[in-house]
Amino acid sequence: MKYQFIDWDSIPDVINKDQFYRICHISKSTALHLLKSGKVPCEWTGKKTRCYKIKKEDVKEYLQTRAVYPELYSAPSGWYGNHYVAKLSKELPEEVLGCMHVYYSKLLKDYNDVLTVKEVMDLTGYAKTTINNWCNRGYLKSFRKRQIFYIPKIFLVDFFCSLTFRSITRKSMWHVQTLNDFQRKMKQKR
């Protein structure tokens, strides 16, 4: 998405959903998803119309974060109907990708150089079938020995940094926590 200049001085400190979706150049449905899911903090007034109050600072934060991590704000499958498939704009900037690689490497430093599917399950919270599918489809590089996939740690780190992994719609709790933790660390570096 191209950056659009926003005159923040002309925007009130608290806005409603209609102002929010216009400022952010998103659909009403996407705005509703962001507010209902809590991805953009807001206050629900309980009214029938104009029931959301959103702080200008939270909108700024959302736009800045969405520019770097658009996958965090995608709606779940089926939100727009069965015909819609959310498309992510592009890969992360090289600097952010490098920092993410270092982050996941440090996170896995206490693990063996080669992990089993069971160990990856215990770590990530994803099901055995899901991890086996990643291996079978070639998303996660691995080797097979006696019908068991073994995943070298360096390939697991690469997979965690990949667009395929970051764009999973229904993320595990571990996945969400690590993305949020990484995002906090990146903010501290700024």
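# Close-up views of a predicted chain

**View 1. The whole chain in outline.** Of the 190 residues in the chain, 38% are buried, where buried means under 20% relative accessible area, exposed means over 50%, and partly exposed lies in between (1.4 Å probe, protein chains only). The model is predicted, so local features need pLDDT of at least 70 and side-chain atom pairs count only at pLDDT 80 or more, while totals for chains, interfaces and linings use all residues. Residues are numbered from 1 along each chain as its sequence is written, and side-chain values use heavy atoms, with hydrogens and water left out. The chain holds nine helices and six strands; these are DSSP runs numbered from the N terminus, helices being H or I of at least four residues and strands E of at least two. Among contacts between residues at least 6 apart in sequence, 61% join residues at least 24 apart; a contact means heavy atoms within 4.5 Å.

**View 2. The second largest pocket.** This pocket holds about 430 Å³ of space. It is lined by 22 residues, of which Lys39, Leu72, Tyr73, Val176 and Asn180 lie nearest its centre. The elements that give two or more residues to the lining are α3 (56–68) and α9 (173–189). By type, the lining divides into nine nonpolar, six polar and seven charged residues. Here Ala, Val, Leu, Ile, Met, Phe, Trp, Tyr, Cys and Pro count as nonpolar, Asp, Glu, Lys and Arg as charged, and the others, Gly among them, as polar. On a 1 Å grid over the protein atoms alone, a pocket is an open set of points where a 1.4 Å probe fits, with protein on both sides within 12 Å along at least five of seven lines; lining residues have an atom within 4 Å of a point. Grid points are joined across faces, edges and corners, and the volume is the space filled by probe spheres set on the points.

**View 3. Helix α2 and the glycine after it.** In α2, the residues Thr30, Ala31, His33, Leu34 and Leu35 are buried. The buried residues of α2 pack against α1, β3 (52–55) and α3. Just after α2, Gly38 takes a positive phi of about 85 degrees.

**View 4. Two loop residues with positive phi.** Most residues other than glycine have a negative phi. His25 has a phi near 55 degrees, a positive value in a residue other than glycine. His25 is found in the loop between α1 (17–24) and α2 (28–37), and with a relative accessible area of 46% it is partly exposed. Arg146 also is not a glycine, and its phi is positive at about 55 degrees. Arg146 sits in the loop between β5 (143–145) and β6 (148–152). Its relative accessibility is 76%, so Arg146 counts as exposed.

**View 5. Aromatic pairs.** The structure holds 13 aromatic pairs. The rings of Phe143 and Tyr150 have centres 5.7 Å apart and planes at 20 degrees, so this pair is stacked. Phe143 is partly exposed at 39% relative accessibility, and Tyr150 is partly exposed at 23%. Phe160 and Trp174 form a tilted pair, 5.2 Å centre to centre with 50 degrees between the planes. This pair links distant parts of the chain, with Phe160 in helix α7 (residues 153–161) and Trp174 in helix α9, 14 residues apart. Both Phe160 and Trp174 are buried. Rings of Phe, Tyr and Trp (its six-membered ring) pair if their centres lie within 6.5 Å; planes under 30 degrees apart count as stacked, over 60 as edge-to-face and the rest as tilted.

**View 6. One aromatic cluster.** Tyr103, Tyr104, Tyr126, Trp134, Phe159, Phe160, Phe165, Trp174 and Phe182 form one aromatic cluster.

**View 7. Asn16 and its partners.** Asn16 lies in the loop between β1 (14–15) and α1. With a relative accessible area of 14%, Asn16 is buried. Not counting residues up to four places away in sequence, Asn16 touches Arg50, Tyr52 and Ile54. The C-alpha atoms of Asn16 and Tyr52 are separated by 5.5 Å, although these residues are 36 apart along the chain.
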